[in-house]
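Open the model in your viewer and colour it by secondary structure.

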Amino acid sequence: FRGFPDTVPGASWKAEIISAAGIVVKSFAGRGLPGPSLSWDGRNNAGVIVNDGDYTATAAVYIDNEQAWAGKRLLVLDNKPPVFEQAIYPKLFAPHEKSRVKAMEIKAVTEHRDVDSWELNIANSEGRVVRRYSGTGHAPRVLWEGDDALGNRVTDGKYRASMMMRDLAGNEFSISEEFTVD
């Protein structure tokens, strides 16, 4: 709404969110000029969250009931988190020199394509995080050799691997699984 002064006598505005089927699912309106942005929480006029999909946002500014400006923009509503499965193998390992199994593989299996970031925390039985991995895009296969963030071997016991993924829309999904260091 650049170019308009802060106050305009007789100004009003209207905005609508329209489904792909052409149905108005949400309406906004006000007197005076609108602010620089308008937020939509994905709910319809009855307060119910609408289905994911494509929507069109339309907006118009009126001065003395005559349209002075109009615009439209495509919106994509995405409320579904990036669901995945966490695979840990083996669930029991001994990270020392004499062991045949010195490392554990942790990976995420997902078909979700728009993963923005991920985080993997390995915590001891008291819930204290001993090792943290994170990154952008899909989570890679992480090979953990039983060490903490400083490179020290962790003590034997029960541990939990907790992974979280966040998609481009900000939706998050987390899963955790227990394993043993022996």
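Start by selecting isoleucine 106, which stands opposite valine 142 in S10. Before going further, note that this is a predicted model, in which local features need pLDDT of at least 70 and side-chain atom pairs count only at pLDDT 80 or more, while totals for chains, interfaces and linings use all residues. Residues are numbered from 1 along each chain as its sequence is written, and side-chain values use heavy atoms, with hydrogens and water left out.

**The three-stranded sheet**

Now show S5, S7 and S10 together: they form an open sheet in the order S5-S7-S10, with antiparallel pairing. Strands here are DSSP runs (E, at least two residues), numbered from the N terminus, and two strands pair if DSSP finds at least two bridges between them. Strand S5 (85-89) and strand S10 (142-144) are at the edges with a single partner strand each, so one side of each has no neighbour in the sheet. From one strand to the next the twist averages 20 degrees, with axes taken as lines fitted to C-alpha atoms and angles running from 0 to 180 degrees between N-to-C directions.

Select S5 with S7 (residues 104-109): five bridges pair them in the antiparallel sense. At this pairing, glutamate 85 has valine 109 as its bridge partner in S7, and tyrosine 89 stands opposite glutamate 105. S7 and S10 are paired over three bridges, again in the antiparallel sense.

Proline 90 lies in the loop between S5 and S6.

Next, select valine 101, in the loop between strand S6 (92-93) and S7. Valine 101 has a relative accessible area of 33%, so it is partly exposed (buried is under 20%, exposed over 50%, partly exposed in between, with a 1.4 Å probe and protein chains only). Neighbours within four places in sequence aside, valine 101 is in contact with Pro90, Phe93, Ala94 and Pro95, where contact means heavy atoms within 4.5 Å.

**The four-stranded sheet**

Show S2, S1, S3 and S4, an open antiparallel sheet in the order S2-S1-S3-S4. Its edge strands, strand S2 (24-31) and S4, each pair on one side only. Neighbouring strands of this sheet are turned by 15 degrees against each other on average, direction ignored. S1 and S2 run antiparallel and are joined by seven bridges; here isoleucine 18 stands opposite valine 24 in S2.

Most residues other than glycine have a negative phi, and most peptide bonds are trans.

**The largest pocket**

Finally, select Ser37, Leu38, Ala57, Ala59 and Arg73, which lie nearest the centre of the largest pocket among its 27 lining residues. Strand S1 (11-19), strand S3 (53-63) and strand S4 (66-77) are the elements giving two or more residues to this lining. S4 gives the largest share, seven residues.

A pocket is an open set of points on a 1 Å grid over the protein atoms alone, where a 1.4 Å probe fits, with protein on both sides within 12 Å along at least five of seven lines; lining residues have an atom within 4 Å of a point.
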